[in-house]
Amino acid sequence: MSNLVQLEINERNRWVYFNKYRWVAHIAYWIWVLIVSTLMRAKGPITPSLIFNHFFLSNLLIASFFYLYCLYFIPYFFKRNKNLQFWLLVITCYLTIAFLDIFFGRAFVHLTDPVEPNTNLGISQIYIGKLATYLLNFFFFSIMLFFMEKNEENSTLLELEKEKKEIEQVKLDLLKNNINPDFLMRSLHQLKESAKVPEESTPEAILTFSDLLRYRLYRGRQLYSPLKEELSAFQSFVHFISLDQQHHQLQLKLAIQGITSDKYIAPLSIVNLLEVFCKIRHDHPVSLEVIILIETDELHLEMQYDSKPTAQLLADLEDYQSNYSQLYGDAIMLYYEPSEKEEPFFVRLSLPLEEKAMIAKEMLQKK
């Protein structure tokens, strides 16, 4: 697979100076060469023979050098950081092709312009002239490629930024819509069993569970959610668990301190953390105390789990930290203390809070 990816990268790099209508610049360059070096210098009539000899054949070898440079040397050597090989090849081809151009011109190029070329020059003088001509044209050709490269960099940066946003959105969607199948099936089974017998808590459990799913659905594609709604969903989750102590065996105690108005938080960040504890099947009642402290720009959550953490719980906490760190960086801090003791097990979480004005500013920047 890596070989296929590398081949695709090589192919894209090879034609980078021709895609997205950059070939127009090459056409413009050679039209400029035709006008300046052929049409403007011609003293006689402009004939097909003159254009064929003075433009096409005269520039055939120098064009070969140019396109070896941009189609082979740059993508396969320069862009792979093989700088020594790159410059050796460029200089060797520059000296060799310029030398071959002398004999090619004498054998195949029939100059039809009335102004006869100077035949008194020696090979060395002609060669120096060829080198100067190659160097001057190569200078202009390289300038053209340089601006193409800068344009490609700008396009690449925009594409990378767009792809980065798309990747973040995909991660966000997967993270927030990733309802644990085991927990979901047990919750639905709980509602099904409750519906078979006339229990007073059944309608309330159905409404509470639907509120949880509705919150996940409507807030699942957003980067931020009002803190008041997140805490309301969290309280609904706690209440839903308390309605079925027979299956969950998790006795939850919740305390919240602080002001929630005009504050925003990563949606489902608290709900998803509680879900990892609900996956565990308990044979006896286990206490889980949750304390939430809301400050100006940060939320602190502490959990005290009165049982030894399972390997699955530790793995889920690690996944939680990895997933949210990818989305929000180091601003989210999760700390837990695995212990050899049976109990208790502490989990501490710090989440950044955003003000309503900051959220509005970010939305305007995205637009």
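Is Arg214 buried, partly exposed or exposed? At 41% relative accessibility, Arg214 is partly exposed (buried means under 20% relative accessible area, exposed over 50%, and partly exposed in between, with a 1.4 Å probe and protein chains only).

The structure is a predicted model, in which local features need pLDDT of at least 70, side-chain atom pairs count only at pLDDT 80 or more, and totals for chains, interfaces and linings use all residues. Residues are numbered from 1 along each chain as its sequence is written, and side-chain values use heavy atoms, with hydrogens and water left out.

The chain contains 13 helices and 8 strands. These elements are DSSP runs, numbered from the N terminus (helices are H or I with at least four residues, strands are E with at least two). Of the 367 residues in the chain, 39% are buried. Contacts (heavy atoms within 4.5 Å) were examined for residues at least 6 apart in sequence; 77% of them join residues at least 24 apart. The chain exposes about 22000 Å², an area from the Shrake-Rupley method with a 1.4 Å probe, where for residues only the protein chains shown count as cover. Carbon and sulfur atoms supply 61% of that surface.

Salt bridges were assigned where a side-chain nitrogen of Lys or Arg lies within 4 Å of a carboxyl oxygen of Asp or Glu. The count comes to 3. In general, side chains of opposite charge can pair when their charged atoms come close.

Arg214 pairs with Asp211, and the closest N and O atoms are 2.7 Å apart. Both residues lie in helix α8 (residues 202-219). They are separated by about one helical turn because they are 3 residues apart in that helix. Asp211 is partly exposed, with a relative accessible area of 36%.

Glu302 forms a salt bridge with Arg348, at 3.3 Å between the closest N and O atoms. Glu302 belongs to strand β5 (residues 298-305) and Arg348 to strand β7 (residues 345-352), so the bridge ties together parts 46 residues apart in sequence. Glu302 is partly exposed at 30% relative accessibility. Arg348 is also partly exposed, at 31%.

Lys130 bridges to Asp101, with 3.5 Å between the closest N and O atoms. This pair links distant parts of the chain: Lys130 sits in helix α6 (residues 123-176) and Asp101 in helix α5, 29 residues apart. Asp101 is buried, with a relative accessible area of 3%. Lys130 is partly exposed at 25%.

Asp262, Glu295, Asp297 and Glu355 form a negative surface patch. Patch members have over 30% relative accessible area and no salt bridge, and like charges are joined within 9 Å. Asp and Glu count as negative, Lys and Arg as positive, while His and the chain ends are not counted. The place of a charge is taken as CG of Asp, CD of Glu, NZ of Lys or CZ of Arg. Glu355 lies in strand β8 (residues 354-355) and is partly exposed at 34% relative accessibility.

Backbone geometry was also examined. Asn81 is not a glycine, yet its phi is positive, at about 65 degrees. Asn81 occupies the loop between α4 (60-76) and α5 (83-108) and is exposed, with a relative accessible area of 64%. Leu268 likewise has a positive phi, near 65 degrees. Leu268 is placed in the loop between β3 (263-265) and α11 (269-278). Leu268 is buried, with a relative accessible area of 1%.

Ser287 lies in strand β4 (residues 286-294). Ser287 is buried at 15% relative accessible area. Beyond residues up to four places away in sequence, Ser287 touches Gln251, Gln304, Tyr305 and Asp306.

Note on methods. Patches are made of residues with over 30% relative accessible area and no salt bridge: like charges are joined within 9 Å, nonpolar side chains (Val, Leu, Ile, Met, Phe, Trp, Tyr) within 5 Å.
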